[in-house]
Amino acid sequence: MPEEWKSFSVDMIENNAPNCPLSYGPQLTERIKDAVQNNTRLLLNTDNGGEIEISGKISRYNVAPIAIQQDDNATQNRLTIAVSFSININAPEKDVMQLTVSRFADFESNVNLASVEAQLIEEINEQISQDVINKLLSNW
């Protein structure tokens, strides 16, 4: 990570996905802020600025059956979330990194999504935030 990078900001992640809970964009935004602060030396700039500016759009949030059995019943379902990020770099040179992430978590088909959704979202958010950090650390 270049020495010039001291701070970062994260714009509210936009929700462009049908069926996505309204609270998911803000939840993912906060998770990314926490992950970058806890896993890099960058400080959060609350004035929307800094050397790194992260923005994103949720493009997919869906549940689909997987593991279809002989009687056409699924034994598991999969929650998939896809997010496209734009990472604007203001120093040492202006640049833009693009990152598209699609992550999923599986759950038993006999379980109601509402009862496990918070846990699945937490698992997926952990993976997405790690992908953002890896992108920040690996491009240099």
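Which residues does isoleucine 128 touch, not counting residues up to four places away in sequence?

**View 1. Surroundings of isoleucine 128 in the predicted model.** Isoleucine 128 touches Tyr24, Leu28, Ile81, Val83, Phe85, Val101 and Arg103, a contact being heavy atoms within 4.5 Å. Residues are numbered from 1 along each chain as its sequence is written, and side-chain values use heavy atoms, with hydrogens and water left out. In this predicted model, local features need pLDDT of at least 70 and side-chain atom pairs count only at pLDDT 80 or more, while totals for chains, interfaces and linings use all residues.

**View 2. The largest nonpolar core.** This core (buried Ala, Val, Leu, Ile, Met, Phe, Trp, Tyr and Cys residues joined through side-chain atoms within 4.5 Å; buried means under 20% relative accessible area with a 1.4 Å probe, protein chains only) has 35 residues. Those with the most contacts inside it are Ile52, Ile54, Ile81, Phe85, Ile128 and Leu136. The largest share, 8 residues, comes from α2 (helices are DSSP runs of H or I, at least four residues, numbered from the N terminus).

**View 3. Packing of α1 against α2.** The helices pack at an angle of about 50°, with their axes 9 Å apart; axes are lines fitted to C-alpha atoms over the stretch in contact, and angles run from 0 to 180 degrees between N-to-C directions. Residues in the contact include Tyr24, Leu28 and Ile32 of α1 and Asn125, Ile128 and Val132 of α2.

Technical notes. Buried means under 20% relative accessible area, exposed over 50%, partly exposed in between (1.4 Å probe, protein chains only). Helices (H or I, at least four residues) and strands (E, at least two) are DSSP runs, numbered from the N terminus.
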